[in-house]
Amino acid sequence: MVDFINENNLKALVVAPIRVMQLTWPEEVMKWAPNLTFSVLHGRDKNYFYDGNADIKVVNFEGLKWLYGRWTKNPLPLHNRVLIIDESARIRNVKGMTFKILKEMVHAFKRRYLLSATPCPNGYIGLWAQYYMIDKGEALGRNFYAFKNNYFIDHGAPSYRIT
């Protein structure tokens, strides 16, 4: 993904688990595109790095609440950035704070990419939130409950069967 960012001259905001944010992304940037600048939005200096002009900014899922608060007060020009959600299965819960925050911000990005080794570890019903982040509801519908009622049969909580 870092090579793709570099080749296409993109700026990115990456949302990733904390270990991936701290270890994997810096390693990958140094390996594939050492010419790109990189900021980790975590810790005491995150406000400083938020205002900086790094090519790639990475925040962890737990830091999204802080990021949203900063973004609403002082918006980054996100329309010039792509959103990359690493381990996107973490946003499958439509009632979770992570999904709700990203849903508010997703319109600001020109493109969105999701990375996951296991996109639906608990079944297909968990895919709606991930697809919503990619296309804002075009493929599977703009509403999770309409998607669930259209494609699944309720067999009592928490099990659903595909129709």
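These are my notebook entries on the salt bridges in this structure.

**Entry 1, ground rules.** I am working with a predicted model, in which local features need pLDDT of at least 70 and side-chain atom pairs count only at pLDDT 80 or more, while totals for chains, interfaces and linings use all residues. Residues are numbered from 1 along each chain as its sequence is written, and side-chain values use heavy atoms, with hydrogens and water left out.

I looked up the salt bridges (a side-chain nitrogen of Lys or Arg within 4 Å of a carboxyl oxygen of Asp or Glu) and found three.

K11 sits in strand β1 (residues 11-16) and D55 in the loop between α3 (46-51) and β3 (56-60), 44 residues apart; helices (H or I, at least four residues) and strands (E, at least two) are DSSP runs, numbered from the N terminus. I then checked accessibility, where buried means under 20% relative accessible area, exposed over 50% and partly exposed in between (1.4 Å probe, protein chains only): K11 is partly exposed at 25%, whereas D55 is buried at 16%.

I found R70 in a salt bridge with D51, the closest N and O atoms being 3.0 Å apart. Because R70 lies in helix α4 (residues 64-73) and D51 in helix α3, this pair ties together parts 19 residues apart in sequence. R70 counts as buried, at 17% relative accessibility.

I recorded 3.2 Å, N to O, for the salt bridge between R90 and E62. R90 is partly exposed at 43%, and E62 is exposed at 54%.
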